[in-house]
Amino acid sequence: MARTRIAEILKQDTPPGTVTVMGWVRTKREAKSFSFLEINDGSCLANLQVVADRGVSGYDESVVAARTGASVKVEGTVVPSQGQGQRWELQATKVELLGAAAEDYPLQKKGHSMEFLRGISHLRPRSNLFGAVFRMRSRMAYAIHRFFQERGFVYVHTPIITGSDCEGAGEMFRVVTMDGEAAKSGAEEFFGKPTYLTVSGQLEGETFASALSDIYTFGPTFRAENSHTSRHASEFWMIEPEMAFCDLAGDMDLAEEMIRHLVSDALESCAEDLAFCNQFVDKGLVERLQLVRDQAFERISYTDAVELLRASGETFEYPVEYGLNLQSEHERYLTEKHFRRPTTVYDYPKEIKPFYMRRNDDGKTVAAMDLLVPGIGEIVGGSQREERLEVLRANLAEHGLEESHYDWYLDLRRYGTVPHAGFGLGFERLLMFVTGVANIRDVIPFPRTPGAAGF
RNA sequence: UCCUCUGUAGCUCAGCGGUAGAGCGGGUGGCUGUUAACCACUAGGUCGUUGGUUCGAUCCCAACCGGAGGAGCCA
């Protein structure tokens, strides 16, 4: 099945001669004595225009029968195109229909609504937009690994099934066997105790940072929250670096450097797909990404942010007050109106943050940080972790958590504790930011949300 | 979990208390180095479901189901 990818053909400066191309028919324009077929194989956004004369081998059985959606194999010669709109085209010598498409093939040449395409998750990657999005998803995953590997971080696979039942990061899915009776009684738990799908690999990540210094995780994460928004899914991917011998400042530095690196990589290596997103999804996308790449990020303490918001004269639906969480509208004001750039907010009141964050010397705040980006809001959340055993125990007590559940976590503080810090990056949030796509369901191949787990 | 909007042809939508229409898509024919091609003809809908109001409901009311957006929570 030797073939040449369309991306390979289209990037040539001189025609590559005779090739065999395989792909799916995006559209066909038929004339009396010949046809134009536009073929896409997913290797790039652009189609390859095939010119098939009526005399071509297999014309009646293949070219005539090849409707939009059909798969074909085309042999021919790459030649400069006589028409506008493409540099090269394939002058076919032989066309073979690999798989016909029934006439009810749902993807039309016209634009479809995102809602409709969500209903056909198995076919939507054949559309321009979803092809672009999922090529970029792949590229961003690669760029993330490269970013960390080049800096000496070790990739750690933290467990997907976990026994930590109070990580404080949201509602969890319970793991049970198919035998309902045993699950109900609890007597015959498969693992001997209740288990859940992970909501974060952070605590496990800390154990490896306490051995290998700089580590990161990159894997699926599950939240059983019944949220119905464009930014939440029940299953998503998260990147969680954790660094020993690192404080909050170093943590913020890394998060900002990472975001800038990924945006820069997208601009460089996904130019064609980005241009498409810029035209059809978000007209300001490329310009915004260029600003992120080129400008310094803003950094402001929670305390100063609250003051700034109160002094802004802006009327908010929810009150701005020290001790309250910043609302979406507040974050939006900071990144979209006031600073107009990615902004890191740090040093939050201890009452609104989890037990593991490091208590600051002021006694009121913890060394936490959220990196906010325009259009999305929080994309990174992180902190310096509490490395002092007694302070951590006090935090557990203050949060009403049972110390015995955190034995192994406390051990890290008993045996050679070190200052350390880390953060979590929502992979899909990053993709939304980088593609301009407004709904998280449209950057996940088969999204899982409350009430929806199709395919 | 709460609030709001929405459900008419394959898709996007219009419509109206008297049982339905457009554009695109599909099919057929024609035409052209075409490119969201063009022209003509044509097929296709128990108007989300179940009740209620009414002489009569796709239209009004209620419940339910599905979809979307927002809030909260977070990534």
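In this predicted model, arginine 340 is exposed, with a relative accessible area of 59%. That value lies over the 50% cut-off for exposure. Arginine 340 sits in the loop between helix H11 (328-338) and strand S13 (343-349). Its phi is near 55°, a positive value in a residue other than glycine. Most residues other than glycine have a negative phi. Aspartate 347 also has a positive phi, near 60°. Aspartate 347 belongs to strand S13. Its relative accessibility is 21%, so aspartate 347 counts as partly exposed. The cut-off for buried is under 20%.

Chain A holds 14 helices and 16 strands. Its C-alpha atoms fill a box of roughly 85 × 60 × 45 Å along the principal axes. Of its 455 residues, 47% count as buried. Contacts were also sorted by sequence separation. Among those in chain A with a separation of 6 or more, 67% join residues 24 or more positions apart.

The domain assignment divides chain A into domain 1 (6-99) and domain 2 (124-442). The contact between them takes eight residues from domain 1 and eight residues from domain 2. Taken over C-alpha atoms, the centres of the two domains are separated by 45 Å. Alanine 102 lies in the loop between strand S5 (88-99) and helix H3. This alanine is partly exposed, at a relative accessible area of 48%. Alanine 102 and alanine 70 are 32 residues apart in sequence. In space, their C-alpha atoms are 8.2 Å apart.

The second largest pocket draws on both domains. At least three lining residues come from each of domain 1 and domain 2. The pocket has a volume of about 700 Å³. The largest share, five residues, comes from H8. By residue class, the lining of this pocket divides into 12 nonpolar, 10 polar and six charged residues.

Alanine 266 is found in helix H7 (residues 248-269). Its relative accessible area is 0%, and alanine 266 is therefore buried. Residues up to four places away in sequence aside, alanine 266 touches Met140, Ala271, Leu274 and Val434. Alanine 266 and phenylalanine 134 are 132 residues apart in sequence. Their C-alpha atoms are 13 Å apart in space.

Helix H9 (residues 285-294) has the buried residues Leu285, Leu289 and Val292. Viewed down the axis of H9, these residues fall within an arc of 55°, so they line one face of the helix. Glu287 and Asp294 are exposed on the other side of H9. The cover over the buried residues of H9 includes H7, H8 and helix H14 (427-435). H7 is also the helix that holds alanine 266. H8 also contributes five residues to the lining of the second largest pocket.

Helix H12 (residues 389-398) was examined in the same way. The buried residues here are Leu392, Asn395 and Leu396. They cover an arc of only 100° around the axis, which puts them on the same side of H12. The face turned away from this buried side carries the exposed residues Glu390, Ala397 and Glu398. Helix H13 (407-414) is included in what covers the buried residues of H12. Glycine 400 follows H12 and has a positive phi, near 70°.

Definitions and conventions
Residues are numbered from 1 along each chain as its sequence is written. Chains are lettered from A and ligands numbered from 1 in the order in which they are written. This is a predicted model: local features need pLDDT of at least 70, side-chain atom pairs count only at pLDDT 80 or more; totals for chains, interfaces and linings use all residues. Side-chain values use heavy atoms; hydrogens and water are left out. On a 1 Å grid over the protein atoms alone, a cavity is a set of points where a 1.4 Å probe fits but cannot get out, and a pocket is an open set with protein on both sides within 12 Å along at least five of seven lines; lining residues have an atom within 4 Å of a point. Grid points are joined across faces, edges and corners, and a volume is the space filled by probe spheres set on the points. Helices (H or I, at least four residues) and strands (E, at least two) are DSSP runs, numbered from the N terminus. Ala, Val, Leu, Ile, Met, Phe, Trp, Tyr, Cys and Pro count as nonpolar, Asp, Glu, Lys and Arg as charged, and the others, Gly among them, as polar. Domain bounds come from an automatic or database domain assignment. Buried means under 20% relative accessible area, exposed over 50%, partly exposed in between (1.4 Å probe, protein chains only). The arc is that of the directions from the helix axis to the C-beta atoms. Contact means heavy atoms within 4.5 Å.
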